[in-house]
Amino acid sequence: MKPARLLHLWVPPAALMALLYLASSTDDLPAVDLISDKLIHLGAYTLLGLLFLRAFHGGLPAALRWLPTLGAVLSTAAYGGLDEIHQGFVEGRVRELADFAADLAGAILATLLLAVWIRFFRGKP
């Protein structure tokens with residue numbers, strides 16, 4: 001695979017991971033007061049899961065393949081776990097198993113959303 005293609009596939013998840021790291025490095029997140037932090041975790045890790053699915057499949061797939069899908073789900077969940085560990089070292093933040101559960105749910109939801117999109121919308125005008 002050409003380097004430009006690799007960058008096209010892998011920079012988006014890496015950039016989102018950097019944003020998530022920055023967000024988890026502070027205890028002053030105004031959106032958390034307005035929306036449940038579990039919904040924020042679910043949304044952020046659904047997006048990360050979709051980006052990993054795209055990267056591991058080498059683009060938007062015509063069908064989900066099990067190994068790239070497993071890689072994407074495990075990578076998303078692993079980053080969610082690492083993020084929770086990281087938050088435990090940030091003053092004013094705590095580790096929460098429920099946050100990790102929302103991260104894992106986001107990874108699974110991403111797979112389900114992509115499966116539905118492939119089944120019903122891929123290739124339709």
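Predicted model: local features only at pLDDT ≥ 70, side-chain atom pairs only at ≥ 80, totals over all residues.
Let's start in the middle. The largest nonpolar core has 13 residues. Six of them come from helix H3, which is the largest share. Helix H1, residues 3-24, gives two or more, and so do H3, H4 and helix H5, residues 97-120. Which residues have the most contacts inside this core? They are Leu16, Leu20, Tyr45, Leu48, Leu53 and Tyr79. Keep those names in mind. In soluble globular proteins, nonpolar side chains tend to be buried together.

Take Leu20 from that list. Set aside its neighbours within four places in sequence. Leu20 is then in contact with Ala44, Tyr45, Leu48, Tyr79 and Asp83.

Now the helix pairs. First up, H3 and H4. H3 covers residues 37-57, and H4 covers residues 66-87. Their axes come within 8 Å. They cross at roughly 140 degrees. What do we call that arrangement of H3 and H4? The angle makes H3 oblique to H4. Angles over 145 degrees would count as roughly antiparallel. H3 passes H4 in a right-handed crossing.

Who makes this contact? On the H3 side, look for His41, Tyr45, Leu48, Gly49, Phe52, Leu53, Phe56 and His57. On the H4 side, the residues include Pro68, Ala72, Ser75, Tyr79, Asp83 and Gln87. By class, the contact of H3 with H4 has eight nonpolar residues, nine polar and two charged.

Next pair: H3 and H5. At what angle do H3 and H5 pack? About 45 degrees, with the axes 7 Å apart. H3 and H5 are therefore oblique to each other. Their crossing is right-handed.

From H3, the contact uses Asp37, Lys38, His41, Leu42, Tyr45, Thr46, Gly49, Leu50 and Leu53. From H5, the residues include Ala98, Ala102, Gly106, Leu109, Ala110, Leu113 and Leu114. Twelve residues of the contact of H3 with H5 are nonpolar, five are polar and four are charged.

Let's zoom in on Leu114. You'll find it in helix H5. Is Leu114 buried or exposed? Leu114 has a relative accessible area of 7%, so it is buried. The cut-off for buried is under 20%. Skip its neighbours within four places in sequence, and Leu114 is in contact with Leu50, Leu53, Pro61 and Leu64. One more distance for Leu114. Leu74 sits 40 residues away in sequence, and the two C-alpha atoms are 16 Å apart in space.

H1 passes H4 in a right-handed crossing.

H1 brings Met17, Leu20, Tyr21 and Ser24 to this contact. H4 brings Tyr79, Asp83, His86 and Gln87. The contact of H1 with H4 divides into four nonpolar residues, three polar and one charged.

Trp117 lies in helix H5. How does Trp117 count, at 30% relative accessibility? Trp117 counts as partly exposed. Leaving aside neighbours within four places in sequence, Trp117 is in contact with Leu60, Pro61 and Arg122. Trp117 and Ala62 are 55 residues apart in sequence, but 9.8 Å apart in space, C-alpha to C-alpha.

Where is Leu60? Leu60 is in the loop between H3 and H4. Again, leave out neighbours within four places in sequence. Leu60 is in contact with Arg54, Trp117 and Arg122. The C-alpha atoms of Leu60 and Leu9 are separated by 9.9 Å, and those two residues are 51 apart along the chain.

A quick recap. H3 is oblique to H4. H3 and H5 are oblique to each other as well.

Note on methods: Residues numbered from 1 in each chain as written. Heavy atoms only, no water. Axes fitted to C-alpha atoms, helices over the stretch in contact; angles between N-to-C directions. Helix = DSSP H or I, 4+ residues; strand = E, 2+ residues; numbered from the N terminus. Parallel < 35°, antiparallel > 145°, perpendicular 65-115°, else oblique. Left-handed = near helix turned anticlockwise from the far one by under 90°. Contact = heavy atoms within 4.5 Å. Nonpolar A, V, L, I, M, F, W, Y, C, P; charged D, E, K, R; others polar. Core = buried A, V, L, I, M, F, W, Y, C linked by side-chain atoms within 4.5 Å. Buried < 20%, exposed > 50% of the residue type's maximum accessible area, 1.4 Å probe, protein only.
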